[in-house]
Amino acid sequence: HRHVGTTSFDHTWRLWDIETGQCLLLQDGHSRQVFALSFHPDGSLVATADFGSVLQLWDLRTGQSAHDVANAHARRILTADVSP
């Protein structure tokens, strides 16, 4: 299956199944608007970042936050990218 991720100003991000349109995962671990999302090339991890300068790494195998970095930047984070 192919997936797409979306972010929102409601402090959440979602993982969607492209073929069915079904929401597979809804995460609300951010305290500010989520603006950035990036998938690891192997599909196991997702990085998200919010307007409070918090960067979170999520493990899609468990659906849980694997790591977070508070104050990753002095201001809002607008994009993120995960390298292999």
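User: Which residue in E5 stands opposite Ala36?
Analyst: This is a predicted model, in which local features need pLDDT of at least 70, side-chain atom pairs count only at pLDDT 80 or more, and totals for chains, interfaces and linings use all residues. Residues are numbered from 1 along each chain as its sequence is written, and side-chain values use heavy atoms, with hydrogens and water left out. Strands E4 (residues 34-39) and E5 (residues 45-50) pair in the antiparallel sense over five bridges; a strand is a DSSP run of E, at least two residues, numbered from the N terminus, and pairing needs at least two DSSP bridges. Leu37 faces Thr48 in E5, and opposite Ala36 stands Ala49.

User: What is the phi of Gly43 in the turn of the E4 and E5 hairpin?
Analyst: Five residues lie between E4 and E5 in this hairpin. Gly43 sits in that turn, and its phi is positive, at about 80°.

User: Which strands are the edge strands of the open sheet?
Analyst: The sheet has four strands in the order E4-E5-E6-E7, with antiparallel pairing. An edge strand pairs on one side only, and that holds for E4 and E7 (64-69).

User: How many of the six residues of E5 are buried?
Analyst: Let's look at both faces, taking buried as under 20% relative accessible area, exposed as over 50% and partly exposed as in between (1.4 Å probe, protein chains only). Leu45, Ala47 and Ala49 point one way from E5, while Val46, Thr48 and Asp50 point the other way, and all are buried. E5 is largely enclosed by the rest of the structure because the number of its residues that are buried is six of the six.

User: Which residues make up the largest nonpolar core?
Analyst: In soluble globular proteins, nonpolar side chains tend to be buried together. A nonpolar core is a set of buried Ala, Val, Leu, Ile, Met, Phe, Trp, Tyr and Cys residues joined through side-chain atoms within 4.5 Å. Here the largest has six residues: Trp13, Leu15, Leu25, Val34, Val46 and Trp58.
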